[in-house]
Amino acid sequence: MSFHVDPEVETRPEPAQRERDRHAYRVQLAYLFDHSSFYRRKLTEAGFPDATDAGDLDGIAALPFTTKDEIRRSQAEHPPYGDHLAAPADGIRRVYSTSGTTGEPCYIPVTAADLGTWSRIGARSYTSAGVRAAQRIVLTYNAGPFVAGAVLDSLTAIGATVIPVGSGNTERVVRAFQRLGAETLACTPSYALYLTEWCAARGLDPAGLGVRRLCLAGEPGGGEAAIRSQLEAAFRAIVTEAMGIGDVSPSLWGECDDQQGMHFCGQDYVHIELVDPASGQPLAWRDGAEGELVYTALRREAVPMLRLRSRDRVVVNARPCPCGRTSVRVRCVGRTDDLLIVRGVNVFPTAVRAVVHEFRPRVSGAVLIRPRITGVRQDQPPTVLVELADAEQPDDGLAGEIETAIRAKLVARMRVELVRPGTLPRSEYKLQLVDYPAGPPETPAER
């Protein structure tokens, strides 16, 4: 049986949705020109001095992109929220911030109406991902300062029984399943993998916790076949994914039980584009297409984003879905700001991890990539540290097998070095898979 929050919206034919989005887009553009000095200046400089000149939704690709670096500069020059703030400061009802892992943290202010929008989109996303009313769900995302904490509002709107634990409290997570009869765990892929090892180290069977569903979000990896099969076997549970972006909505995508990619759940509120990561040119939403997601808010008050580059690289599934949802589906294969170009070959760290996971149980699955130099372009093969499983001994033959598999599947040469069990870092939230020698890496957008 399929469940929908807004059946009319979630099963609406694409042409009808496009017509609704055209109207919302025109209204949002007019709002930007009236209330955002950042976008008024940006669009005027690009040759679009008013909302009429900026055109229709069909011509959105002619407008300039917005990047995270621009948002950071805006806030640095016009603290605290930046000159892209489009609502009165006294109308702000909540303020989140980014982690700052790739630069200075950015504030994300939201109005009451924005919070309502987030809640609605998130309810669709997590309902798609299998959350139901009265279902007991353990939430490991912290309520602050990151926008992932706003997922609490969406789960409450669904009617779920939410048990917010936050990160760094694994004993509490386990007790919530053992004592409260929780059924669903919402966490990052890194934490789900960590939890299996945490249980094993204490003689606990993850399958005995009673987890029936894992809703993975926060980073790529939940859709990797090797990781998904490992988690489903360990917990004897179904794994689905959700995905969002803090500057637009913490939840925008949710994967149904068909498990063939995440459905777009932001209809009426957000417009999505697929573009070539290198050229920025638009790509059609055809089945099997691969590109970067670009977002435009259609109903946002505080900090509307126009053509925000997400750096999330996805593969499209445009085939009809048994659940009845008509929106396109995607699988996130990595982030363009994590990308390594090894002798001209694009390599995502998550793809390297997926190859290594195929060698379990001889390896633990933990990996760490150490490039020779700081930067995206690598002229020499990076070293991949691969952690052995507890009972395994160092074996040059195994290292060679993994190197061969990486070369065959990713068309890139990497040097594999086996390390002792327990050597590589684990994470109770998100995990960094690349360890640069020094300094911040150059991003593809800066090349």
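## Cysteines without bonds

The sulfur of Cys323 has the sulfur of Cys321 as its closest cysteine neighbour, 3.5 Å away, which is too far for a bond. A disulfide is counted when two cysteine sulfur atoms lie within 2.5 Å, and the structure holds zero of them. Cys199 is in no disulfide either, as the nearest cysteine sulfur, that of Cys187, is 12 Å away.

Are these cysteines buried or exposed? Here buried means under 20% relative accessible area, exposed means over 50%, and partly exposed is in between, using a 1.4 Å probe and protein chains only. Cys199 counts as buried at 0% relative accessibility, and Cys323 is buried too, with a relative accessible area of 9%.

## About the model

This is a predicted model, in which local features need pLDDT of at least 70 and side-chain atom pairs count only at pLDDT 80 or more, while totals for chains, interfaces and linings use all residues. Residues are numbered from 1 along each chain as its sequence is written, and side-chain values use heavy atoms, leaving out hydrogens and water.

## Rings and a charge

The structure holds four aromatic pairs (rings of Phe, Tyr and Trp, the last by its six-membered ring, with centres within 6.5 Å; planes under 30 degrees apart are stacked, over 60 edge-to-face, the rest tilted). One of them joins Tyr191 and Tyr194 in a tilted pair, 5.9 Å centre to centre with 35° between the planes. These two tyrosines are three residues apart in helix H9 (residues 189-201), so about one helical turn separates them. Tyr191 is buried at 2% relative accessibility, and Tyr194 is buried with 19%.

Elsewhere, Arg309 lies over the face of Phe65, at 4.9 Å from the ring centre (NZ of Lys or CZ of Arg must be within 6 Å of the centre and within 35 degrees of the ring normal).

## The second largest pocket

About 660 Å³ of space lies in the second largest pocket. A pocket is an open set of points on a 1 Å grid over the protein atoms alone, where a 1.4 Å probe fits, with protein on both sides within 12 Å along at least five of seven lines; lining residues have an atom within 4 Å of a point.

What lines this pocket? Its lining has 31 residues, with Glu14, Arg18, Ile272, Trp285 and Val328 nearest the centre. Strand S10 (270-275) is one of the elements that supply at least two residues (helices are DSSP runs of H or I with at least four residues, strands runs of E with at least two), and S10 gives the most, with five.

Conventions
Grid points are joined across faces, edges and corners, and a volume is the space filled by probe spheres set on the points.
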